[in-house]
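I opened my notebook to jot down a few local features. Here is what I looked up, one entry at a time.

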Amino acid sequence: MKNFIVGAQLYSVRSLAQNAEDLKKTLASLKEMGYNTCQLSGQSRDIPDEVVADILAETGMKAVVTHNSMQDFEEGFDALVARHHKWNCRYAGLGAMPAEYRENAEGFLRFAKHANEIAEKLHDNGLTFVYHNHAFEFCRHDGVLGMDILFDNFGPHTQFELDSYWVQAGGCNPVDWFYKVNGRMEVAHFKDMMGTNGFNPHQTMVPVGSGNLNWAALKKACEETGVIYAEVEQDNAAMMEDPLGQMKRSCEFLKKNGFNL
């Protein structure tokens, strides 16, 4: 059983990271709450990589993973690699499968092959590719879950970055899937879910510990399957009056329940 570190997904507070000054303040605030690691995603791309590196050093925050577009991997590969080495960040993530691959099983197979090619190139440059899911991967194509197509066809250097909320939204149990990718996921996303009132309810994202996901079981699954980092993400926090307050609620729950930050 191995302990893992929970950090903050910057996308949750992206509205507070659109210039260098705000990025520094935001990372410092997350550090003060108790987060020590982060995922860089959603901050302004106009902030030079060197400035981001300086801000990380000044605030004492360690960037452990990023989210990138497919264009970044295809057309800006050398710059992406240089950026990650500058930030001392090993894991380069793809935030979502491009739409052109999502329609059928053949598309999922084509995507898996392309992801493997990218992962091999990253591996040769000392980095690790991670794929972040949404709910559409849990639709069936020819009777097979899209996620199972990826599971069966991702290569040895192509890792998963499962998002607990989106697995649940896709109709599957995130605990089961965390165990299923045992040894193939070193970075996870912690995101909680709550239903809403009414005869036509919808699901919404809430601070970790405020929803209905089984965090004791997810913690155990991470400890038993080789997860090294888990990033707290709440997409809708950035549109709220106090995004940092939402992240603080997650942080307080995690500390109270024995998670390592």
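Predicted model: local features only at pLDDT ≥ 70, side-chain atom pairs only at ≥ 80, totals over all residues.

Entry one, a loop. I found Asn88 in the loop that runs between α4 (77-86) and β4 (91-94). Is Asn88 buried or exposed? I get 56% relative accessibility for Asn88, so I put this residue down as exposed, the cut-off being over 50%.

Entry two, another loop. I went on to Asp142, which sits between β6 (140-141) and β7 (144-145). Phi of Asp142 is positive and near 55 degrees, again in a residue other than glycine. Asp142 has a relative accessible area of 75%, so I noted it as exposed.

Which residues of α2 (residues 49-59) are buried? I listed Val52, Ala53, Ile55, Leu56 and Thr59. They cover an arc of only 160 degrees around the axis, so they lie on the same side of α2. I reminded myself of the background: an α-helix has 3.6 residues a turn, so residues three or four places apart point the same way.

Then I asked what the buried residues of α2 pack against. My list has α1 (20-33), β2 (37-40), β3 (62-68) and α4. On the face of α2 turned away from the buried side, I found the exposed residues Ala57 and Glu58.

Definitions and conventions
Residues numbered from 1 in each chain as written. Heavy atoms only, no water. Helix = DSSP H or I, 4+ residues; strand = E, 2+ residues; numbered from the N terminus. Buried < 20%, exposed > 50% of the residue type's maximum accessible area, 1.4 Å probe, protein only. Arc of directions from axis to C-beta. Contact = heavy atoms within 4.5 Å.
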